Amino acid sequence: MDPRRSWGAMALLCFLVPGGHPGPCRVSISPEEPTVEFGTSLLLNCTSSCQNYSRLSWEVSVAKMGTQGPGWVSLSVPNVTDWSLELQCFGIFGKQRDIATTTLRAYRLSPPAIYLEGDAVVGKEARVTCTASARVPPGAPPALRLTLRGGGLPPSTHRGSSVSLAFTAQPEQHGREVTCEAELQLGRHTVNASAAMLLWVWAAPYDVRVWAPRTIFTAGDNLTVTCRAEGNPPPQLRWELPTNASRELRDGGATVTIPVAQQAHGGTYRCLAENRYGTGAASVDILFRGPSRSPLVPVAVTLAVVTVLAALAVSWWIYRSRGWKPMPD
């Protein structure tokens with residue numbers, strides 16, 4: 001606030017008293033309850049309600065710095081190194097002396113720190129904790145309040161230097177932000193600080209799936225079996241196969257491909273998904289039919305039968321047309 005405006009307002013009030021006679025001259029300090037972070041600077045103003053003062057000054061135990069003007073004088077403390085400091089401003093109005101007194105209170109509030117107690121693993125109990133520390137003038141403990149919220153967690157508030165919240169970790173909480181708000185009450189003033197962190201939720205392999213385009217094949221077909229699994233960190237995949245002959249692994253081991261598969265490739269295809277938090281598995285059974293009969297075989301049989309029948313027909317025709325008889329002995 002501009003001290004010249006404060007002085008003008010107070011001077012006007014001084015002369016607007018019943019009967020038109022000026023009331024007692026007063027001095028005042030702004031802000032009324034100075035609060036400042038320890039080690040930082042402070043600026044205060046002392047304002048007179050009347051112009052007819054002979055002296056307007058500060059009385060403090062620190063080296064005084066500041067400026068003054070009509071009806072006001074400032075006090076500047078470039079480095080507050082006292083947790084509590086009594087400040088006085090006085091004005092002399094003829095034989096009258098008026099004094100305004102206030103107490104400077106310094107504080108220190110450390111930024112909150114958020115951390116997980118161990119790893120948060122899906123389906124297991126986890127705990128997130130926030131801590132903060134504050135220092136205020138001697139005489140009473142800091143009025144500190146901490147609030148945890150976000151990350152899909154219910155808000156939790158606690159008065160003191162720490163707050164914790166237990167929860168059962170869920171996959172959807174991974175990567176969500178958790179915040180901690182620290183609130184330090186200093187008389188009528190409130191000082192705030194906050195911190196944030198991302199919630200890391202780990203997960204053993206889950207939703208492991210194995211599939212093939214179909215489960216019944218014929219010898220000579222191309223066979224493809226695929227495995228997928230969720231988890232954090234992403235799981236490594238490993239196969240247990242009926243046979244390792246003539247097979248290829250693709251997509252980082254997620255797909256087994258067998259060109260020109262044979263009956264020996266039939267059986268259970270089992271996929272194992274593994275990470276540091278656990279394992280998961282799924283499987284599919286592949287069946288094979290025998291090799292299909294070649295279409296040339298029935299054609300050849302048919303031609304042979306037709307040839308025999310034709311030969312018999314020709315022989316019968318010759319027999320009938322020529323009157324063929326067996327020769328006598």
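**Figure 1. The disulfide of C227 and C271 in a predicted model.** In this predicted model, the torsion about the S-S bond of C227 and C271 is about -75°, so this disulfide is left-handed. The two sulfur atoms lie 2.1 Å from each other. The link ties together distant parts of the chain, since C227 belongs to strand β20 (residues 223-232) while C271 belongs to strand β24 (residues 267-275), and the two cysteines are 44 residues apart. Are these cysteines buried or exposed? C227 has a relative accessibility of 0%, and because buried means under 20% relative accessible area, C227 counts as buried. C271 also has 0% relative accessibility and therefore counts as buried by that cut-off.

**Figure 2. The disulfide of C46 and C89.** C46 and C89 are joined by a disulfide with a distance from S to S of 1.5 Å. The torsion about the S-S bond of this pair is about -80°, and so the disulfide is left-handed. Distant parts of the chain are linked here as well, with C46 in strand β3 and C89 in strand β7 (residues 84-93), 43 residues apart. Both C46 and C89 are buried.

**Figure 3. The disulfide of C25 and C50, and the pairing pattern of the chain.** C25 is joined to C50 by a disulfide in which the distance from S to S is 2.2 Å, and the link is left-handed, with -100° about the S-S bond. Which parts of the chain does this pair link? C25 sits in the loop between α1 (3-15) and β1 (27-30), whereas C50 sits in the loop between β3 (42-48) and β4 (55-59), so that distant parts of the chain, 25 residues apart, are brought into one link. With a relative accessible area of 7%, C25 is buried, and C50, at 1% relative accessibility, counts as buried too. The structure holds four disulfides. When the bonded cysteines of the chain are numbered in sequence order, the pairing reads 1-3, 2-4, 5-6, 7-8.

**Figure 4. The largest nonpolar core.** This core has 27 residues, and among them L148 and L184 touch the most other members. Six strands each supply at least two residues of the core, namely β8 (96-109), β11 (125-131), β13 (143-150), β15 (162-168), β16 (177-186) and β17 (189-198). Which strand gives the most to this core? It is β16, with five residues. Leaving aside residues up to four places away in sequence, L184 touches Y107, L109, A134, V136, P142, A143, L144, H189, T190 and V191. Apart from this core lies another, of 24 residues, and its members include I29, V80, L87 and C89.

Figure 5. Strands of a sheet pair through backbone hydrogen bonds, either parallel or antiparallel. Strand β13 and strand β14 (residues 153-159) run antiparallel and are joined by five bridges.

**Figure 6. An open sheet of four strands.** The strands of this sheet follow the order β19-β25-β24-β21, and their pairing is mixed. Why is one side of β19 and of β21 left without a neighbour in the sheet? β19 (216-218) and β21 (236-240) stand at the edges and each has a single partner strand, so one side of each is left without a neighbour. On average, and with direction ignored, neighbouring strands of the sheet are turned by 30° against each other.

**Figure 7. The chain as a whole.** The chain contains two helices and 25 strands, and 35% of its 329 residues are buried. Among contacts between residues at least 6 apart in sequence, 60% join residues at least 24 apart. The accessible surface comes to about 19700 Å², and 55% of this surface belongs to carbon and sulfur atoms.

Methods. Residues numbered from 1 in each chain as written. Predicted model: local features only at pLDDT ≥ 70, side-chain atom pairs only at ≥ 80, totals over all residues. Heavy atoms only, no water. Buried < 20%, exposed > 50% of the residue type's maximum accessible area, 1.4 Å probe, protein only. Contact = heavy atoms within 4.5 Å. Areas by Shrake-Rupley, 256 points an atom, 1.4 Å probe, with all protein chains shown as cover. Core = buried A, V, L, I, M, F, W, Y, C linked by side-chain atoms within 4.5 Å. Disulfide = S-S within 2.5 Å. Pairing = 2+ DSSP bridges. Axes fitted to C-alpha atoms, helices over the stretch in contact; angles between N-to-C directions.
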